[in-house]
Amino acid sequence: MSASQNSRSLSLPPIEDDVWPESTEVLIMGGGPVGLSCAILLAQRGIDVLLVERRDFVFRFPRAHLLNTRTMEAFHDMGVAEDIYAATPQHDRWRKAVWYTTATGPGRFDGLKIGEVPAWGGGEDAERYRSSSPRAFANMPQLRLDPLIHKHAVAAAPGRIRQGQEVVGIEQDDEAASVRIRDRDTGEIRRVRARYVVAADGGRNSADMLGIELEGPRDMREVVNYHVSLDLSSWSEPDALLGHFLHPAGGARRRGTIQALGPTHYNRDSEEWLVSVAAWMIEGDPDDESALFESIRRMLGLADDHEITMHSMTRWNYNGLVAKRFRAGRVFLAGDAAHKHPPTGGLGLNSGIQDVQNLCWKLSAVLRDEAPEALLDSYQAERRPIVAWYTAHSLENANRHPPIAEALGFSEDEAEGIRNLEVFVGEGPESDEMRRRVAAEVQHNAHDYSQLGVEAGYHYWAGAFVPDGTPAPGDESDPVAFHPTSRPGHHLPHVWLADAAGGAPRSTHDLVRQHGLTLLTSADAAPDWQRAVDALPGTMPVTVVAVPDDEGWRAVRQIDDDGALLLRPDRKVAWRAASAPADRASALRDALEVVLRGGDAPDHDPAEPFLKRIRAAASVLVQ
């Protein structure tokens, strides 16, 4: 049985819904996917949790939908991944993004396909993505994902997932945080003492309550998304999950986007859609449903009487915000409470889940007296530069659509745009050159849709690991390329290992324990490393695991047969011994001392280069 399977069977003893504990080890503010995942990860480690959500657990709007490989690894550890895969597309044809003039329509250039790119591990990207992780990229609208995570959270922490409860104050002392919670139905105020608090409230009020500033540009672009039922079976595009629309009538601006929501089909036969129409497309009152439906029909080339049913809508703004601090005493910010950026790249929900995956094993270690309090400071040191990078990258992705329209020759003159479309579909050198330029600009969107270097290749610059002085592989500025490596601070390379008994192969990822640290070495070297572990003082458990001799593993492990890799529960390499040191026990003890105190502070802020990129991208964001 794998460590992740073993952890799934654990849950906290139930408490009655009408009983309020006076204290808990960790109180979680917010019942979205980040807060609920945090509750599961802590409960599986035996940590007493209490989650309070100001609203109910009726999930009303699709919101995020892309779940990348590293996030699906975390969901696998929670026991949630299998449910996600079972409820989402069972084929890979949806894995592409497309650009059209309209979806359909009577005009000569209606329904014209401009280009496409493989996305989320589809097409020519399939093998690259498969080699990066044992867990496949998934797609599940948050409207359906949140209830699923909620079900698992209730099972893992029965009686501890509370709705209609709003945190209105936090007071801290040397031993705990005293959290004031208001019942939104009765107005009753109660206090709960918590050793630690995780604020995953979407940034509603936690940062302000704690006096933490979120720096970066705000309100750069208003977006209104609509959840509708709509028949698009006449669209010539059979499979794409996501479509963007550019038209001479809009000049160099994108008119809008559609995303298939299923629940049965995730292509042109989708029953429901998430539709985003540029504000300038709506003629009249944007709150007038008839004006909105007219703009949707115009964007997609539908007839004036084409039926559309509205389910819900939401307004939001492009922000590029990163908290200056991810910790205030005993309180930690996670997800949107700590960082906000556009959805271009689909990194928001994913980064939030990865926040709590990083934080929860550390909270568990400290609460179980397996590590000093200083380990918790590594949460900010590790996650803040990563989400600053994600925020910069997302803002840069948001500017990748206008160059396609510009390559098509679209301008404020609609008639000129139509003439240029004649060139685009024509024959001869001029047409060939235009198609080449357009294809090149479409391909630049691989930075958004084939960004494996960002999704799977992210690594930490400082934190709870022991740097070994080696350079990071490849070009760190390339968001597409992914280079598996065992360099400390990076993710453990994934290799499928054959089972000696003839059973199903296991990934190297499945060798990593969810409690304590894991030391991977060869079968021959395992006894010597086990003796070194046995000589350690009482501290965080270290489990020695012998990796079977395997050609694929030898190709990526970057250590000798007598060397070892020390892995954290989040599968980040904490220490690497390229070969056996003269005194294994002493070397391992020294490494553990660095890891468990959270590493050494860097001599500069690793987030600063990305904060500069955020400001630069925001300054040229096309409205």
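The questions below go from the whole chain to single residues.

Colleague: How do you know how far to trust the coordinates?
Modeller: This is a predicted model. The mean pLDDT of the chain is 94, and 98% of its residues reach 70 or more. Residues 1–7 have a pLDDT below 50, and this stretch has 12 contacts in the model beyond near neighbours in sequence. Where pLDDT is low, the predicted coordinates should not be read in detail.

Colleague: What makes up the chain in terms of helices and strands?
Modeller: There are 19 helices and 26 strands.

Colleague: Why is the chain called as compact as a globular protein of its length?
Modeller: Its radius of gyration is 25 Å. The globule rule gives 25 Å for 623 residues, so the chain is as compact as a globular protein of that length. Along its principal axes, the C-alpha trace spans about 80 × 65 × 50 Å.

Colleague: What share of the 623 residues counts as buried?
Modeller: The share is 60%.

Colleague: Why is Gly301 called buried?
Modeller: The cut-off for buried is under 20% relative accessible area. Gly301 has 18%, so it counts as buried. Gly301 sits in the loop between helix H8 (289–300) and strand E16 (308–317). Leaving out residues up to four places away in sequence, Gly301 touches Thr102, Thr104 and Gly105.

Colleague: Is Trp120 buried or exposed?
Modeller: Buried, because its relative accessibility is 2% and the cut-off is under 20%. Trp120 lies in the loop between strand E5 (113–118) and helix H5 (126–132). Its phi is near 55 degrees, a positive value in a residue other than glycine.

Colleague: Why is Asp219 called exposed?
Modeller: Exposed means over 50%. Asp219 has a relative accessible area of 54%, so it is exposed. Asp219 is in the loop between strand E11 (214–215) and strand E12 (222–230). Asp219 is not a glycine, yet its phi is positive, about 50 degrees.

Colleague: Which peptide bond is cis, from Gly262 to which residue?
Modeller: The bond from Gly262 to Pro263, with omega near 10 degrees. Pro263 belongs to the loop between strand E14 (256–262) and strand E15 (272–277).

Conventions. Residues are numbered from 1 along each chain as its sequence is written. This is a predicted model: local features need pLDDT of at least 70, side-chain atom pairs count only at pLDDT 80 or more; totals for chains, interfaces and linings use all residues. Side-chain values use heavy atoms; hydrogens and water are left out. Helices (H or I, at least four residues) and strands (E, at least two) are DSSP runs, numbered from the N terminus. The radius of gyration is taken over C-alpha atoms; the globule rule is 2.2 Å times the number of residues to the power 0.38. Buried means under 20% relative accessible area, exposed over 50%, partly exposed in between (1.4 Å probe, protein chains only). pLDDT is the predictor's confidence in each residue, from 0 to 100. Contact means heavy atoms within 4.5 Å.
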